[in-house]
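Hi there,

Here is the structure I promised to pass on. Have a look at it first, and my notes follow below.

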Amino acid sequence: MAQRALAISAGLVLAALTLGPIIAVFYRAGGVSAFRPGDLEALQFTVWQAVLSGFFSVLLAIPVARALARRQFPGRGILISLMGAPFILPVIVAVMGLIAVFGQNGLLNASLAAFGLPKLDVYGLHGVVLAHVFFNLPLATRMLLQAWLAIPGERFRLAASLGLSPWARFLTLEWPLIRRIAPGAFAVIFVICLTSFAVALTLGGGPRATTVELAIYQAMRFDFDLARAATLAMLQLGLAVFAGIIALRLAPAQGFGVGRDRPVSTWSNGAAWARIMDATWVLAAAAFLLVPLAMVISKGIPGLLDGAGQGTWQAAKHSLQVALASTALCMLWALPLANRRGELLSVAAIAMSPLVLGTGLFLILRPIVNPFSMALPVTTVVNALMALPFALRILRPEAETLEQDFGRLRQTLRMSGWAWLRLVWLPRLRRPMGFAAGLTAALAMGDLGVIALFADPDRATLPLQVYRLMGAYQMEAAAGAALLLLLLSFGLFWLFDRGGRIHAER
């Protein structure tokens, strides 16, 4: 009974924090507004860059996942683990790394200049798409890789015994898998790119490269046009729902059945060209993902050694406070809501614009306190809301399994809610809780969203400090702050994840 009461209370609080700010924005705006010419251009750019980002992410992930699935080589496990790094990498840090490689004075342009070739411009549509592929190529690769590894080994043995050519084997076994997984992967990446803010803010390069989320930011920051911001937020939500429906219709329900889990050493016929192509794809993907990180580290070390400014250390302190508070708040919501209904409720939070949610909270607080003094607490709440769907996605399967395995025993022993929580729930959920908390902390540490709207210089977080230093062309100081942000983000993730795995029940 107590657990159910906690779940209901958490659900009501979550619903209030999600719907209350939206209602406040609409009430203050007096309704919706008509579209401006610039809004239609932002909509076109948003959809186009999301389509291109999703298409290239999935297209490039297919050969990379295929190579990883059918080849064994030293460091393969480490490389697959690193595929998850860009997801928790702060966006502003990734942008710094990409500029160091593809920017005006980056590695690529330096190489082109050495051969007398014209330089490439990283800003604009191609820069936004490049950054989104950097973030989402690992996600698409992991989704496809898991599906490829799930194909029973007996299917490949049968194909080999029938003497099928590599092309026939691809059409028979692998193409159905791609048709089943690729649409869903594309839709997930499409929705992620629809809400792009920090990437468009830093790499957009002008009004022609404005996303809907960036237009919401401009409407609030410069015009305080809440009606326009609310209208754009509803439009963005509609696009995300439409993308999800299309993905469900495109993905056929088709599988390969079960096998006996017998390993297959290789899927190819052993031709040298196949091994060379697989190695090329793996090396290219590793270089694309790891070289920008290496550049951030190499360029950031001098900035840290020379000593970061007082503003950077103050911003780091604020980011740590926000990250830890967001993690605690998110876990307080996630534990009682780790069920199907709770996960469905949390989706409403991530589907809405965080900028609109933050603005709504500021409007609610405005009659009570100075809203700008609440920039950090509001950022904490919004970050917890944005991370909640990911935390529930991690916790829910384990929580439901726990209830199925021990629910009847609990009833038989008449365990109290506190005894169930202390003796069964927390010990056996420690591992997924640690992973979920680490992910939440890393995401909150690197967020550049609500704080960009309302923070004054005394309340800046570390991502905002990096952005301000870049805008002031203090690139060495920005690189040092970016490296500090990178270390803190991965450090928090490692501490929480490692803490969850130590002495875990299973």
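Please keep in mind that this is a predicted model. I'll start with the largest cavity, whose lining is made up of Ser319, Val322, Thr379, Asn383, Ala444, Met445, Asp447, Ile451, Thr461 and Pro463. Helix 14 (310-334), helix 17 (375-413) and helix 19 (430-445) are the elements that each give two or more residues to this lining. Sorted by class, the lining has five nonpolar, four polar and one charged residues. The volume of the largest cavity is about 40 Å³, and the structure holds one cavity of 30 Å³ or more.

Met445 sits in helix 19 and has a relative accessible area of 1%, so it is buried. Leaving out neighbours within four places in sequence, the contacts of Met445 are Ala316, Ser319, Leu320, Ala323, Pro463, Leu485, Leu488, Ser489 and Leu492.

The axes of helix 5 (residues 91-102) and helix 21 (residues 462-471) come within 9 Å and cross at roughly 35 degrees. By class, this contact has eight nonpolar, no polar and no charged residues.

Now to the rings: the whole structure has five aromatic pairs. Among them is Phe55 with Phe56, an edge-to-face pair at 5.3 Å centre to centre and 75 degrees between the planes. Phe55 is partly exposed at 45% relative accessibility, and Phe56 is partly exposed at 34%. The ring centres of Phe435 and Phe493 are 5.9 Å apart with planes at 75 degrees, so that pair is edge-to-face. Because Phe435 belongs to helix 19 and Phe493 to helix 22 (residues 475-501), the pair ties together parts that are 58 residues apart in sequence. Phe435 is partly exposed, at 35%, whereas Phe493 is buried, at 17%. Phe134, Phe135 and Phe288 form one aromatic cluster.

Finally, is His132 buried or exposed? With a relative accessibility of 4%, His132 counts as buried. His132 is part of helix 7 (residues 125-149) and, not counting residues up to four places away in sequence, touches Gln49, Ser53, Ser57, Cys193, Ser196 and Val199.

Best wishes

Key:
Residues numbered from 1 in each chain as written. Predicted model: local features only at pLDDT ≥ 70, side-chain atom pairs only at ≥ 80, totals over all residues. Heavy atoms only, no water. Helix = DSSP H or I, 4+ residues; strand = E, 2+ residues; numbered from the N terminus. Buried < 20%, exposed > 50% of the residue type's maximum accessible area, 1.4 Å probe, protein only. Contact = heavy atoms within 4.5 Å. 1 Å grid on protein atoms, 1.4 Å probe; cavity = no way out; pocket = protein on both sides within 12 Å on 5 of 7 lines; lining within 4 Å. Points joined across faces, edges and corners; volume = space filled by probe spheres on them. Nonpolar A, V, L, I, M, F, W, Y, C, P; charged D, E, K, R; others polar. Axes fitted to C-alpha atoms, helices over the stretch in contact; angles between N-to-C directions. Phe/Tyr/Trp six-rings, centres within 6.5 Å; stacked < 30°, edge-to-face > 60°.
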